[in-house]
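Subject: Structure handover

Hi there,

Here is the structure I promised to pass on to you. Please open it alongside this message, and my notes follow below.

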Amino acid sequence: MPLNRITAPNLAALYEKAAATFADLPAFATRRGPDDWEPLSFQRLFERGRDLATGLIDLGVEARSHVGLLADNRVEWILSDCAVQLCGAADVPRGQDTTPDEIAFIYAHAGCSVILVENAALQKRLLSVRDKLPDLREIILLDPDAEPAPGVHPFASVEERGHRLRADGDRRVEERMTDLRPDDLFTLIYTSGTTGEPKGVMLTHANMVSQIENIPLDLTYRDRVLSILPVWHIFERVFEMITIAAGCCTYYTDKRRLADDLLAVEPTFMGSAPRLWEALHRRIRKRVAASHPVRRALFHTARFLSHHYQGSVFFLTGRRLLLEPPRPVRRAVLTLLHALRWLLLLPWYGFFNAAVLERLRQGVGGSLKGTVSGGGALPLEVDRFFNYLGIPVLEGYGLTETSPVLAVRTPASLVIGTVGPPIPGTELRIIDPETDDVLFPDPSRADAGRGRRGEICVRGPQVMRGYYRNPQATGRVLRDGWFRTGDLGLMTWNGCLRILGRCKETVVLSNGENFEPGPIEMRLRQSPLIDHCMVVGQDRRHAGLLVVPDLDGLRTAGFGIHDLAAAAGDEVVRRRIEQEIRRRISAENGFKSHERIRVFRLVPEPFEVGRELTNLQKIRRHVVEERHASLIEEMYPGAGDNGGSRG
Amino acid sequence: MMEIERQLLSGLDQALLALMILVIMFGMGAGLTPEDFRSALRRPRGMVIGFLSQFGLMPLIALGLAVLLDLPPALAIALVLIGCLPGGSTSNMFAYFARGSVALSISMTAASTLLALVMLPLLLELYTSGFAARLDAELRAAGEDATFVIPRVNIIISLLLVLVPVAGGMILRRRSPGWAKAAEDTAGFTAIIVILYLITSAALRHGGLYVSTPWQIYTGAVGVGLAGFLFGYLMSGAFRLEPRFRRAISLETGIQNGPIAFAIILLSFAEPVRSQMLWLAILYSTFIVISSSFITLWYRRVGRIDDELHRNNRVHQRLFGEAFQTRYPEALLPPKLRRIAHRL
């Protein structure tokens, strides 16, 4: 696939080249009212970024220094990023939900002397830990409507000062730009991940440029991208860099306005975490369930047809999950049957696609050419739903440490149940996590080791330089250029990567049997009654479960429950959820007997982002285990002596 | 020469066909609002070109094909009749998927349906009197005692009758948009089922018909639609219309309102002419669905870039203000679109 985008040796040069190439096209747009948005062109983005960079240099930002950027998605964020790159410095981004402790740890560890903060609340939070930040000299406030504290510079004044300096012939930005090297850092991202203390991931210009050059997404200057994930997260960040390189416009939205903005912006592309697709899926199902019987029947007919029709299309185009070596005879017979089914269904599908499915697609803006899902696995049902509806879901895989994309589906290799093939330039190995033996690729085997499970290891231009000031942690994951992801996976027969879970998440019961909690939790989260859940059972006799019930779901199911504490105490709710667990985690659904949930507890409070959940809604297991230790102990009475918990 | 000895459609078939016409025309009305007629007047350029294409080009194409292929008079009359018909709601759906202007397609459908009351009898009179005289002579030679003339009055009455369910659909749309949507869907689905039923039932009872039908008739039935697509596109291109208007006019020209043809034939013509005409109308209705699907897939591909530019411009103007002009750097655009990209 030819990538219609520009490239440059570093991100500062990329901003400059984008301005020269795309000039007056809008680069970013922010919402002021329902149908009132303000665009910022590529040209203005670069010019304003350059002014701001001059202002920052004047405030003392050195080349190769670290500049704090404490803000969520807004146009000043991208201006700040542009300016920091033009200064030849690296930014240290974090968002709204960073706790004071994290702020103190991160910005002290990174040694930031200048920090840009978004608004009054963050300014206050930052000032509350100022005494723990000895290097901090200057603070700049992004929000023009907020009141800067004494000594804090308003964003506009720094930009204006830079503008005046440049008018007087200041060309320090140009010097910094020529001085940039590909292996200089462009960002230092602190991951709180699912375990342990934040680590600063050092990513270089070369890392990000390799992503821009290799990620196979068909974005052009005619596209519109709706941005909903926090931009300081690397997944959204790489998306924004690619939109800049492709010349398309990014529109900032948030969760509350998503439904309206989908209709207003008519995005052609969107990057999102699985939770959003799950929510959208649930909303569509709900709307269908509430509609007139005739329309419901039409919908179900359309769904049935598209399921079988697309199933055959996926098979005939070689996009099915191949976990075992292909058998030629079987394949020939199946090909014939699928071709027959395809032909039979074609006219009916054609009609229902036009009459019914198109209207569903309209509900998500109508122009969506594709979506990228990352930061967690997408439930199979949701994955199929959108793909068969005709909205390709390009699920990808990666970590902050790999800038982040390692593998991503493309329309041609859209194999449901996998994250697609590794992107160009990426070497991938599957190794035995215990012995470090290479299971794939293994030249001694005829099948090269496809289908064997193990830890995913990668080498490539996107792998980080290391963790900042943490050689020990770096040494644990990075050896001879090979990065150990800590994820379990396997390579399918058609060259796609399948993710199986976290190595360390594997729950080992006291009888030695083990299982992955991921699939169980994903299955349960599909229930309208369950908002979140987490499987426990390490070193215990059997698997247990913590459940946060979904209040909306309970209400729809007829329970007059108003808060989680009440739900946790309600025996009828308990029994209803028990049924739900039994039904979903059953042998019929492919769960083994030791994976069956024997005990569970309802959690009387929600899991919150920044506490039990990461920003991508992944569960931080160690936090849940700590906070809800008493509930877990309750499930295993008399097990005090062998109830060791994991670190 | 093809002979249809028995009646092509049984009484049940004809009743079904009548029901289908009713449902489809009702569904078509359910997709229209008075606004569509009014907005037709607001885009005179596209409408005039569309009008020339539908009532100027298309009947001439049909006539030309009938003469060129030397069709028997009854079939020639049927072909010209098809050429003179107004557009149907099917074309709106195809225009949508072909990235054409749906608004123009709907306006053209609305306007041409009304105009057909005048244009259709006029054009038939103009182009079919020769065929009618020949048919009259043939029938007499075969021993029929009646004379054959084009039943002008009956045609106008059939057209008016067909407009009744359209009006009914429009009233439903006004009362309940939700139900109107359901009626539209049902109509589309009914059309497919009934056409499939008619083809199979005709095949079962007159199996030899497909084989005995000479190639000239197939060519006429298929060619009239294809030529309509081609000339509709070329003509709107000659007038420098934007690509998405060209695609809409092209489809609108080639896709005729089949149900109206059935209604007119059933209500205005007697056997044995009726069966022959019906056969051509069935062939046209079948093949037009297939050829439109292929043309639509083709248009979808070639129209991708200009359609994306159009949508992008529209979103920009909606969000950034009507005055906002998206300025695309020339180097990025395909040469054909350089001059017009900003105003697509």
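Two strands count as paired if DSSP finds at least two bridges between them. With that in hand, Pro26(A) stands opposite Ser41(A) in strand 2 of chain A. Please keep in mind that this is a predicted model.

The sheet in chain A

Strand 1 and strand 2 of chain A pair in the antiparallel sense, over six bridges, and a hairpin of two residues joins them. On another pairing, strand 1 (residues 26-33) runs parallel to strand 11 (residues 249-252) of chain A, with two bridges. There, Ala29(A) has Tyr251(A) of strand 11 opposite.

These pairings belong to an open sheet of eight strands in chain A, with mixed pairing and the order 2-1-11-10-12-13-14-15.

Where chain B comes in

Helix 14 (residues 304-320) of chain B lies across strand 1, strand 2, strand 10 (224-227) and strand 11 of chain A. This helix runs at about 115° to strand 2 of chain A.

Taking the two chains as a whole, 35 residues of chain A are in contact with 30 residues of chain B. The size of an interface is often given as the accessible area lost when the parts come together. Between chain A and chain B the buried area is about 3,000 Å², and carbon and sulfur atoms give 61% of that. Tyr221(A), Arg222(A) and Phe351(A) supply 23% of the area that chain A buries against chain B, more than any other three residues.

For polar links, the count between chain A and chain B is twelve residue pairs in polar contact. Six salt bridges are found across this interface. In a salt bridge between Arg327(B) and Asp24(A), the side chains meet at 3.1 Å, N to O.

Which elements give two or more residues to the side of chain A that touches chain B? They are helix 1 (11-22), strand 1, strand 2, helix 10 (258-265) and helix 13 (328-363) of chain A. Helix 13 of chain A gives the most, with nine residues. By type, the residues on this side divide into 17 nonpolar, six polar and twelve charged.

Elsewhere in the model

Over all chains, the structure holds 60 salt bridges. Within chain A, the side chains of Glu427(A) and Arg459(A) meet in a salt bridge at 3.0 Å, N to O. This pair links distant parts of the chain, 32 residues apart: Glu427(A) is in strand 16 (residues 427-431) and Arg459(A) in strand 18 (residues 454-459) of chain A.

A few backbone details may also interest you:

- Phe440(A) and Pro441(A) are joined by a cis peptide bond, with omega about -10°. Pro441(A) sits in the loop between strand 17 (438-440) and strand 18 of chain A.
- Glu271(B) and Pro272(B) are joined by a cis peptide bond, with omega about 5°. Pro272(B) is in the loop between helix 12 (258-268) and helix 13 (273-302) of chain B.
- Arg64(A) has a positive phi of about 65°, although it is not a glycine. Arg64(A) belongs to the loop between helix 2 (42-58) and strand 3 (66-70) of chain A.

Best wishes

Definitions and conventions. Residues are numbered from 1 along each chain as its sequence is written. Chains are lettered from A and ligands numbered from 1 in the order in which they are written. This is a predicted model: local features need pLDDT of at least 70, side-chain atom pairs count only at pLDDT 80 or more; totals for chains, interfaces and linings use all residues. Side-chain values use heavy atoms; hydrogens and water are left out. Helices (H or I, at least four residues) and strands (E, at least two) are DSSP runs, numbered from the N terminus. Contact means heavy atoms within 4.5 Å. Axes are lines fitted to C-alpha atoms, for helices over the stretch in contact, and angles run from 0 to 180 degrees between N-to-C directions. Buried area is the accessible area (1.4 Å probe) that two parts lose on being put together, summed over both. A salt bridge is a side-chain nitrogen of Lys or Arg within 4 Å of a carboxyl oxygen of Asp or Glu. A polar contact is a pair of N or O atoms within 3.5 Å; within protein, one must be able to donate a hydrogen and the other to accept it, and residues adjacent in sequence count only if both atoms are side-chain atoms. Ala, Val, Leu, Ile, Met, Phe, Trp, Tyr, Cys and Pro count as nonpolar, Asp, Glu, Lys and Arg as charged, and the others, Gly among them, as polar.
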